[in-house]
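The points are grouped by topic.

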Amino acid sequence: MDEPHVLTMKDIARMLGVSVATVSRALKDSPSISKERREAIQKFAREHNYYPNVIAEQLRNSRKSPVKTIGVILPEFVHYYFSTVLAGIEERAQQLGYRVLVAQSKEEYEREVLICNSFYQNKVCGIIVSQAKDTVKYDHFIKLEKEGVPLVFYDRICPALNASRVVVDDYMGTLKAVSYLIERGCKRIAYYGTSQNMEIGKNRFNGYKDALYKHGLTLDESLVVECDTRAAAEVITPEILKRKDRPDAFFAVNDDTAIGILYIAKHMGFSVPNDVSICGFTNGNRAVACDPQLTTVEQRGWEVGREAVEILVGLVEGKINRDRAEKRIVKTRLIVRGTTK
């Protein structure tokens, strides 16, 4: 099915037998044409559901003043954490007089490259981005930096660039969570993490490992699993819980993975938290929708989004020196609920 034609100023000009310039002036309520003609053109535009292309208008005026549009790349719209980051971005950007263009990479490198190219062509003033899971080549980010487009990374940081960034204290959040499990009597804690190719994966694993060492426990590599989705957790967990030396606790890199563990543990007849304790990392809506409710590390995505906008606007407006990477850390906190003792 063909998409409906979107009415343009050129269409209005042709239909009314006037120039495009006349239509443009009328829609801007310019006194350079008669009131009668202005009102007639405005009435026609309203009746035909004409909406001006704001981005195109910004680009036409970009030589007079900077385009105040920020490009934002999310790995996924549906992920609670990324949606809260976006909420923080949009609110702060609006307060500072900036618009936001949003796209999702769907965790795909090729799609991420296309989005970066599109944002560059549309002359966004800067980009806020969390890179896709499978991004291991960074030419698209390096190109943007060379072209003078400010970049601010959040959550997942590009290791090839010393770029400005906003992250939560992944290391300390994990260290405190795993320490809490140990202090509540857990001795064998399984770790479900993300790829250590990413900075976030390294930081959270190091927090887990250091919590064990700090409390005199030995790291068991067989309890360290690369798993960051609920679906994967539901496949992997049964075999781990069937072991004679099964873990008495799980730390998961996000809430969805933790809920997958919880579902399997209950399905297999384990009591949570009496037999198995579980801790996640996000504090999304699902953390309080499961039974028992999930103990988790709160990421404060909204604050991450606001901080990212503050940095980007500072770079765009010259208040922050582009020669130096601005790095900010948002503190986490452990939210204790029913899945831990």
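Ser195 sits in the loop that links strand 6 to helix 9 (199-214). In this predicted model, Ser195 has a relative accessible area of 15%, and because the cut-off for buried is under 20%, Ser195 counts as buried.

**Surroundings of Ser195**
- The side chain of Ser195 comes to 3.1 Å from the backbone nitrogen of Asn197.
- Beyond its neighbours within four places in sequence, Ser195 makes contact with Gly201 and Glu226.

- Six strands form an open sheet in the order 7-6-8-9-10-12, and their pairing is mixed.
- Strand 7 and strand 12 (333-335) are the edge strands; each has a single partner strand, so one side of each lacks a neighbour in the sheet.
- From one strand to the next, the twist averages 20 degrees.
- Strand 6 and strand 8 run parallel and are joined by four bridges.
- Tyr192 has Ala252, in strand 8, as its bridge partner.

**Helix 10**
- Helix 10 comprises 13 residues (230-242) and spans 19 Å from its first C-alpha to its last, close to the expected 18 Å.
- At Ile236, shortly before the proline Pro238, helix 10 has a kink of about 35 degrees.
- Helix 10 lies across strand 6, strand 7 and strand 8, and runs at about 160 degrees to strand 6.
- Ala233, Thr237, Pro238, Ile240 and Leu241 are the buried residues of helix 10.
- The cover over these buried residues includes strand 6 (189-193), strand 7 (224-226), strand 8 (249-252) and helix 11 (255-267).
- In general, residues three or four places apart in an α-helix point the same way, because there are 3.6 residues a turn.

**Helix 11**
- Helix 11 lies across strand 6, strand 8, strand 9 (277-282) and strand 10 (295-298).
- The direction of helix 11 is at about 160 degrees to strand 9.

**Val20**
- Val20 belongs to helix 2, which covers residues 20-27.
- With a relative accessible area of 38%, Val20 is partly exposed.
- Val20 and Lys10 are ten residues apart in sequence, and their C-alpha atoms are 5.6 Å apart in space.
- Leaving out neighbours within four places in sequence, Val20 is in contact with Met9, Lys10 and Ala13.

Conventions. Residues are numbered from 1 along each chain as its sequence is written. This is a predicted model: local features need pLDDT of at least 70, side-chain atom pairs count only at pLDDT 80 or more; totals for chains, interfaces and linings use all residues. Side-chain values use heavy atoms; hydrogens and water are left out. Helices (H or I, at least four residues) and strands (E, at least two) are DSSP runs, numbered from the N terminus. The expected span of a helix is 1.5 Å times one less than its number of residues. The bend at a residue is the angle between axes fitted to the seven residues ending there and the seven starting there. Buried means under 20% relative accessible area, exposed over 50%, partly exposed in between (1.4 Å probe, protein chains only). Contact means heavy atoms within 4.5 Å. Two strands pair if DSSP finds at least two bridges between them. Axes are lines fitted to C-alpha atoms, for helices over the stretch in contact, and angles run from 0 to 180 degrees between N-to-C directions. A polar contact is a pair of N or O atoms within 3.5 Å; within protein, one must be able to donate a hydrogen and the other to accept it, and residues adjacent in sequence count only if both atoms are side-chain atoms.
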